Amino acid sequence: MSVTSELSSGAEKEALVRTRAYRFELNSSRVAVGAPLLEVADVSLRFGGIRALSEVSFTVRQGDIHAVIGPNGAGKSSMLNCVSGLYRPQRGTIALHSVTEADEERTHDLVARKPHQIARLGVARSFQNIELFGHLTLLENLMLGRHSHMRQSVLAGMAWFGPARRQEIEHREFVEEVIDLLQLQAFRHAHVGSLAYGVQKRVELGRALCIEPALLLLDEPMAGMNAEEKEDMARFILDVSELRGVTTMLIEHDMGVVMDLSDRITVLDFGKVIGDGRPDEISANEDVVKAYLGEEL
Amino acid sequence: MSALSTGTYFTSYRREWALRRTRAEYLRLGLIVVGLAVLPYSIDFYWLSIVNMILIAVIGAVGLNILIGYTGQISLGQGGFLAVGAFSSALLYQRAELPAPISIACAVVITAAVGAFFGLPALRLKGLYLAIATLASQEIIVFVARRWEFLRDGSAPLTVDRLHIGGFEITRELFEWQWYWILLGCAALSVLAARNLLRSPVGRSFMAVRDQDIAASAIGVNVTRAKVTAFAVSSGFVGFAGALLAHYTETVTWESFTLQVSIVYVAMVIVGGLGSVAGAVYGAIFMSLVPVLLTEFLVPVAGAVDWVSESLPAIENAVFGLVIIGFLLFEPRGLDRLWQRSKDYFRFWPFRY
């Protein structure tokens, strides 16, 4: 019997993960692997006369890397913005499932909620055009990722000694784990505005991970990267998904990456779902080939 | 942030987060403490009164910088909020006969509440539009202060009795000297409180709102709450400064809280350095000293040249304006950045970077 198959048995694999430097769980969703985590049903979004999304429905399952692909202007980013609360669709429901500590199942309607409330439910995201806090250091950016887990007290903050400092140190330990995971040690105290583009993309992933996501939304995490940076980023996404169990929803244009990484793909075109399935099903789907992937001549 | 010298390592987060981390920094702090301790013994009461006004300005500027420099919400309502702090503390002390520390604490809370209220437009408005909205708050508050007879002693401005706390009372002979120590303590506490707040989650949420409000909301920062808190905290500091001003000057009148005051404070924050507590301190010192030194320098000249003595206020304003323009052109990040750069220069010498 090979070493790898021994290790892949649940408890031992977990033990292996635990013996590394990682003490904290990144994944905050207690939904069983394979069960529906996010259910998007009949979502329609209009901007004036433009129909950005019409009756979009799909399901993201716990533990999957779920890619959303489609041509430019198909509504991929709009879909992500609806999930994270930046846009409010006119029709449809977006339901996030969760399981409480007491094993009760809960369903949260995301359409009615504000972005920061959705973030508090564990929906973390990165942006297509990097939206970091440019004047702050990498560390402060990641600490801001911990914001929803920290007590906010003006007076305790002004006193600093005591609760405020204790809390900082407690959450710093979590942040340091994310820094380790994403190999950002060298830039800890650098102002993120001055970092290279590829590193900034990684910092954005890190900031989202600091939320302890139940669902991680990545909007083109590899846009504008060279092959090597893309490989690094793909490895980080796989680590986050496979080792740490974080469910990921991903928008990406590089088909090689999408086909290799994702467990499930939803294809959008002109705001409509034209395909949904496993990567092999999608690459064989005629509509998708016609609209996006391209036919062989 | 300036560069840290090589060879400085930390073995605990606690040390890394300390405000002073190297021996040189402790040495500088020690020098400042010694300097401040010796200061009242080495200058006369005229200069000490200027130092006292600077200490009050420091508190106000630190408060304003939290709002403008750290949260990115421009405010021209500083004078109005100073007035709220000054009038509340004066009235509570004078008419309700509360002890001074309690009246000052109440003034801080009242000003924070008023500031939060006038900060509500910030939820909808940004940049220049917010500047106009806060300008309105300035004008409204000063208008009320000017017209409301309750805020006067008959036809004379509201006077405040000499400060006494318990058995301690400020004496006439040592007036400036005793106030120096009170104001120094208050200013030091305010600076420390601001520094601490800005390394805690609340302070970080202010900066997140300044840099990227959409991303801030997407990672769980309640932007509405952060903005209102920033207005409240900032106004709290300003109210503190206003209350101290009322007790120190012993008269409160709307004329000391006009738009001119608001603009001087904005200038302090810009000249000192946006987004830096130390910068606010430098800015307060600088902008308070410029007119004083200018008068000091121009009065002998004015004795000899007629037109200088006639247009002394105009010259002051012109120099004031030139200083601000100069800073915006040559060092937009203010005195604080200048200080950081000079530190780096010596640290890296003989190399350029």
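Predicted model: local features only at pLDDT ≥ 70, side-chain atom pairs only at ≥ 80, totals over all residues.
Colleague: Let's start between the chains. How many residues of chain A are in contact with chain B?

Modeller: Contact here means heavy atoms within 4.5 Å. By that count, 41 residues of chain A meet 33 residues of chain B.

Colleague: What is the area buried between chain A and chain B?

Modeller: About 3400 Å². Carbon and sulfur atoms give 65% of that. Three residues stand out on the chain A side: A:F133, A:M158 and A:W160 supply 18% of the area that chain A buries against chain B, more than any other three residues.

Colleague: Now the charged pairs. How many salt bridges does the rule find across the interface?

Modeller: The rule asks for a side-chain nitrogen of Lys or Arg within 4 Å of a carboxyl oxygen of Asp or Glu. It finds two across the interface of chain A and chain B. One of them joins A:R172 to B:E16. Their closest N and O atoms are 3.2 Å apart.

Colleague: On to sheets. What should I look for in general?

Modeller: Strands of a sheet pair through backbone hydrogen bonds, and the sense is either parallel or antiparallel.

Colleague: What is the order of the six strands in the open sheet of chain A?

Modeller: The order is 6-7-8-3-9-10, with mixed pairing. Strand 6 and strand 10 (272–277) of chain A are the edges, and each pairs on one side only. Neighbouring strands are turned by 20° against each other on average, direction ignored. For a parallel pair, take strand 3 (residues 65–69) and strand 9 (residues 264–269) of chain A, joined over four bridges. There A:I69 has A:V267 as its bridge partner.

Colleague: Which strands does helix 3 of chain A touch?

Modeller: Helix 3 (residues 76–83) of chain A packs on the sheet and touches strand 3, strand 6, strand 7 (215–219), strand 8 (247–251) and strand 9 of chain A. Its direction makes about 150° with that of strand 7 of chain A. Helix 8 (residues 197–209) of chain A also packs on this sheet, touching strand 6 and strand 7 of chain A. The angle between the directions of helix 8 and strand 7 of chain A is about 160°.

Colleague: And chain B? Why is one side of strand 1 and of strand 5 left without a neighbour in the sheet?

Modeller: Chain B has an open sheet of three strands, ordered 1-2-5, with antiparallel pairing. Strand 1 and strand 5 of chain B stand at its edges with a single partner strand each, so one side of each has no neighbour in the sheet. Strand 1 (residues 152–153) pairs with strand 2 (residues 156–159) of chain B over two bridges. B:R152 has B:P157 as its partner, and B:D153 stands opposite B:A156. Two bridges also join strand 2 to strand 5 (residues 251–252) of chain B, with B:T159 opposite B:T251.

Colleague: Last topic: the backbone. Which angles deserve a check?

Modeller: Most residues other than glycine have a negative phi, and most peptide bonds are trans. Look for the exceptions.

Colleague: Where does A:E55 lie, and what is its phi?

Modeller: A:E55 is in strand 2 (residues 50–61) of chain A. Its phi is positive, near 50°. A:D103 also takes a positive phi, near 60°, in the hairpin of strand 4 and strand 5 of chain A, which has five residues between the strands. Five bridges join strand 4 (residues 91–99) and strand 5 (residues 105–109) of chain A, which run antiparallel.

Colleague: Is the peptide bond from B:W349 to B:P350 cis or trans?

Modeller: The bond is cis, with omega near 10°. B:P350 sits in the segment after helix 15 (334–348) of chain B.

Methods:
Residues numbered from 1 in each chain as written. Chains lettered and ligands numbered in written order. Heavy atoms only, no water. Buried area = accessible area lost by both parts, 1.4 Å probe. Pairing = 2+ DSSP bridges. Axes fitted to C-alpha atoms, helices over the stretch in contact; angles between N-to-C directions.
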